[in-house]
Structures are given as structure tokens and as C-alpha cells.
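Here's a quick tour of one chain, from the overall fold down to a handful of residues. Have the sequence and the 3D view open as you read.

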Amino acid sequence: HFKTLRSKFFETSLLALLFFGVYVLFTYPLIGSMDELVIGKMDVYQYIWNVYNFQKSLSEGTNPFYSNEIFYPVGVSLWLHTYTPILCLFGLFFDNHILSNNILFAASYVFLGLGAYDLCKRFVKNPLLCFVAGFIFAFSPYKMARLLEHHNLILTATIPFFLLAFLDTFDFQKGFLPKIVSKKHLFLCLLLGFVTFLCDYYLTFFLLFFAFFYGAYYVGGRVFAKWKLWHKVFLLLAIVLISDQLIQWLLRWKMHDNGGIFWGGNLAAFALPFWNSRFLDNGFFSFVNYYYFEVSSTHENVMFLGFTLIACSFLLLAYIFSEKLPAPLRPLAFCLLMFFLLTMPRIKFLNWVIVYSPTALYHFIPFLNKLRCPTRFVLMITLLLPLLSFWLIDQKILLQ
């Protein structure tokens with residue numbers, strides 16, 4: 001047992017050093033001036049102000065979630081301000097707000113890689129593939145673009161650990177409702193969910209959507225288990241066509257979608273490096289980005305998965321159509337599909353709209369339509385797609 005712990009400690013330490021080294025390389029020369037430099041522009045400075053305002057309010061004994069330094073002298077509530085309380089709490093241990101933020105961001109990237117590595121290792125034996133999965137989730141173009149703005153969306157380290165705890169908490173095999181098999185992991189799920197809530201509400205909904213989709217796979221499997229294949233295909237087509245017409249009708253009648261469909265993804269964006277790519281951006285990609293995307297030259301459009309991962313995804317699709325995935329992977333594949341649809345409320349390629357996704361209906365539901373940037377769901381794709389693709393490579397190619 002001691003040897004196992006020692007081996008695990010050595011493995012984790014080595015991985016942490018590797019992921020930290022990648023972070024230092026990608027953010028150089030930040031490492032030499034973490035107490036005075038910050039990467040980004042515009043919205044980035046609010047995260048420094050958040051820590052300052054939080055500490056100031058606590059020292060004065062006032063409500064840290066209200067400030068009259070905004071809209072002075074009336075003031076305003078900060079509950080719907082992107083306050084990122086986890087940064088504020090961590091900043092209490094430092095006198096330098098810039099240093100505290102930079103340390104937490106660096107730690108987040110390291111734990112991002114470690115969490116994705118452990119999640120992938122649950123299904124994939126090859127440690128190199130697991131490391132690559134951790135690298136993709138931690139340092140995807142989507143994540144690195146968030147260094148320019150929206151630092152709250154960097155703090156996603158709890159997500160893979162939540163998925164691991166969730167898989168160990170519930171048994172969906174029997175009964176209509178899941179059975180709790182581990183109270184320890186249930187507590188861990190709740191704790192990780194609360195920490196995620198302190199990071200960002202988008203990330204909290206990512207976890208809620210995952211839990212809902214994972215459970216829905218088993219519920220739907222029991223309900224439709226006895227249906228014939230053509231019945232299932234007919235139902236699927238009916239859902240797609242009816243929802244497409246309903247969404248078009250809602251848009252014609254000027255129903256408020258909070259701009260969510262406009263901010264949706266584009267199939268071409270998965271294969272297009274954006275302007276923040278030092279090595280892959282060129283005249284052709286810049287031309288396509290500028291002339292074909294409604295949301296041009298913004299990090300909200302960064303959905304690039306990498307050419308290798310895209311090739312792996314086609315291999316995965318070919319395998320799924322020819323054979324069945326193992327039972328533990330099927331609900332994860334279903335979750336991946338649903339997060340793809342959430343990312344694409346309007347499935348389109350460049351300027352050609354193919355169909356509206358059924359998931360676009362949530363953009364017309366009050367409160368839920370506050371999630372008005374669907375492209376952010378690509379974060380979950382960068383976690384689940386490498387896991388499934390690398391399982392296929394590990395089991396069907398490397399082990400053959």
C-alpha cells in the first residue's frame with residue numbers, strides 16, 4: 001500500500017511539474033513578474049478590483065456583495081456581477097491582488113491537467129494518452145483565449161474531479177431514479193459543486209447539464225428499450241423538425257432569446273485556428289474568420305479543437321456507427337453529443353444554416369437564457385472528446 005501511495009505521489013508530482021512547465025512556456029514572460037503583470041485587456045482588470053473590493057468591504061464591516069464605487073452614489077448589488085468569489089477568498093491571504101490572482105490561475109491550469117488525466121485514466125490505460133487528454137483540456141485554444149478576458153472561465157479545475165466523484169456516487173443501472181452508492185463521493189460532489197459555484201455560474205450549469213444528461217441517458221434507455229429502430233429514428237427526426245419550426249416561429253414573433261442563438265457556434269470554427277494562434281494563424285484563416293463569422297475577431301468564437309483531435313473524432317464516429325461502445329462509455333458519448341448541440345443552437349457551416357438544434361429552445365426560457373454564450377460549452381467537448389477518442393486508440397489500435 002505504501003509503495004502504491006509513493007508511486008501515485010511521484011506520478012502526480014511529475015505531471016504537476018509538466019503541466020506547470022507548459023503554463024510557464026505558454027505565458028512567458030509572466031513567470032518573472034507575477035506580482036505586477038497581468039495577461040489580458042478590458043474585463044481582466046475587474047478581477048483585480050473584485051479582490052480589492054472584497055477585502056475592503058470585509059475590513060470595513062460592510063456587505064462585500066454591494067458597492068457604491070459603481071454607479072456612485074447610489075451603488076449597486078454585486079450578486080449578478082462577475083465577482084468570482086473564489087478569487088476574492090484566495091486573495092485574503094495576500095497583500096498583492098495581482099499576485100494572488102496569478103498564483104490561482106497557474107494552479108488552476110495545473111489541476112485542470114491533473115483532473116483530466118485522472119478522468120481519462122479511469123477508461124484509458126496508456127498514460128501518454130491520458131497526459132495528452134489533460135494537456136488538451138487544460139491548454140485548449142478556448143482556455144488560452146480566456147487569458148485575454150473572462151478569467152472566471154479559466155477556473156474550471158473542479159470539473160473533471162466532479163465527473164470522477166459523480167461516477168462513483170450514483171448507480172443508474174437499476175430503478176427509475178439513481179441509487180446513491182457512496183455518501184463520501186456524494187459529499188465530494190456537493191463540495192466540488194459549491195466551489196464551482198464560487199468560480200462561475202456558467203461552470204456550475206456545465207455540471208448540472210452533465211448530471212442531467214447522464215441520468216437522462218439511462219431513463220431514456222429504459223423508456224425506449226423495446227422500441228424498434230425505425231420508431232426511434234422517426235421520433236428523433238420528429239423532434240428535430242418540430243423544434244426547428246418552433247424556433248423559427250419564436251424568432252419571427254420576436255420572442256426574446258437574449259442573443260443566445262446569435263452567439264452560437266459554427267461547424268467551421270472547430271477546424272479554424274483563430275487570431276490568438278501564434279503558429280497556425282495565417283491569411284486564409286483570418287479571411288474565413290473575418291468574412292464568415294457573425295461574431296468576428298472575438299475570443300467567444302474560439303472553438304478550435306486541433307487537427308489531430310478532429311481526425312480522432314472522425315475515427316470515433318466511424319467506430320460508433322460500426323460497433324457499440326462499452327456500456328460505461330455510452331452515457332459519456334451521449335453527454336458529448338448533447339454538449340455539441342448546446343454549443344450549436346443553430347447548426348451551421350460558415351454562413352449556411354442547416355437546422356436549429358432542439359437545445360436552442362432553452363434560450364427562450366427565462367433565467368436559463370442568461371447562458372447567452374453557447375460557444376462556452378465547447379469546454380466540455382474538450383474534456384469528453386479526447387477521453388472517448390483516446391479509449392478507441394488505446395483499446396482498438398495500440399493494444400491490437
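Is Lys179 buried or exposed? Lys179 counts as exposed, at 54% relative accessibility; here buried means under 20% relative accessible area, exposed over 50%, and partly exposed in between, with a 1.4 Å probe and protein chains only.

## Ground rules

This is a predicted model, so local features need pLDDT of at least 70 and side-chain atom pairs count only at pLDDT 80 or more, while totals for chains, interfaces and linings use all residues. Residues are numbered from 1 along each chain as its sequence is written, and side-chain values use heavy atoms, with hydrogens and water left out.

## The chain as a whole

Let's start with the big picture. The chain has 14 helices and 6 strands; these are DSSP runs numbered from the N terminus, with helices being H or I of at least four residues and strands being E of at least two. The C-alpha trace spans about 65 × 65 × 50 Å along its principal axes. For 400 residues, a compact globule would have a radius of gyration near 21 Å, and the chain agrees with that at 22 Å. That radius is taken over C-alpha atoms, and the globule rule is 2.2 Å times the number of residues to the power 0.38.

Buried residues account for 48% of the 400. Take the contacts (heavy atoms within 4.5 Å) between residues at least 6 apart in sequence: 74% of them join residues at least 24 apart.

## Surface and charge

The chain's accessible surface is about 20,900 Å², and 71% of that belongs to carbon and sulfur atoms. Areas come from the Shrake-Rupley method with a 1.4 Å probe, and for residues only the protein chains shown count as cover.

On the charge side, there are 29 positive and 19 negative side chains, and the centres of the two sets lie 14 Å apart. Lys and Arg count as positive and Asp and Glu as negative, while His and the chain ends are not counted. Each charge is placed at NZ of Lys, CZ of Arg, CG of Asp or CD of Glu.

## Back to Lys179

Where does Lys179 sit? Lys179 is in strand β4, which covers residues 179-180. Setting aside neighbours within four places in sequence, Lys179 is in contact with Thr169, Phe170 and Asp171. Pro141 is 38 residues from Lys179 along the chain, and their C-alpha atoms happen to be separated by 38 Å.

## The cysteines

How many disulfides does the structure hold? The count is 0, where a disulfide is a pair of cysteine sulfur atoms within 2.5 Å. For Cys88, the nearest cysteine sulfur is that of Cys199, 11 Å away, and Cys88 is in no disulfide. Cys88 is also buried, with a relative accessible area of 0%. Cys312 has its closest cysteine sulfur in Cys120, and at 11 Å that is too far for a bond. Cys312 is buried as well, at 9% relative accessible area.

Cys199 is found in helix α8, residues 183-199, and is buried with a relative accessible area of 7%. Not counting residues up to four places away in sequence, Cys199 touches Thr84, Ile86, Asn152 and Leu155. Phe10 is 189 residues from Cys199 in sequence, and the two are 29 Å apart, C-alpha to C-alpha.

## Backbone details in the loops

Now for some backbone geometry. The peptide bond from Tyr28 to Pro29 is cis, with omega near 15°, and Pro29 lies in the loop between α1 (2-27) and α2 (44-60). The bond from Tyr72 to Pro73 is cis too, with omega near 5°; Pro73 is in the loop between β1 (66-67) and β2 (76-77).

His150 has a positive phi of about 55°; its place is the loop between α6 (141-145) and α7 (158-169), and at 15% relative accessibility His150 counts as buried. Leu350 has a positive phi near 55°. Leu350 lies in the loop between β5 (346-349) and β6 and is buried at 11% relative accessibility.

## A buried loop asparagine

Which residues does Asn369 touch, not counting those up to four places away in sequence? They are His256, Asp257, Asn258, Tyr362, His363 and Phe364. Asn369 lies in the loop between β6 (352-356) and α14 (378-398), and is buried with a relative accessible area of 8%.
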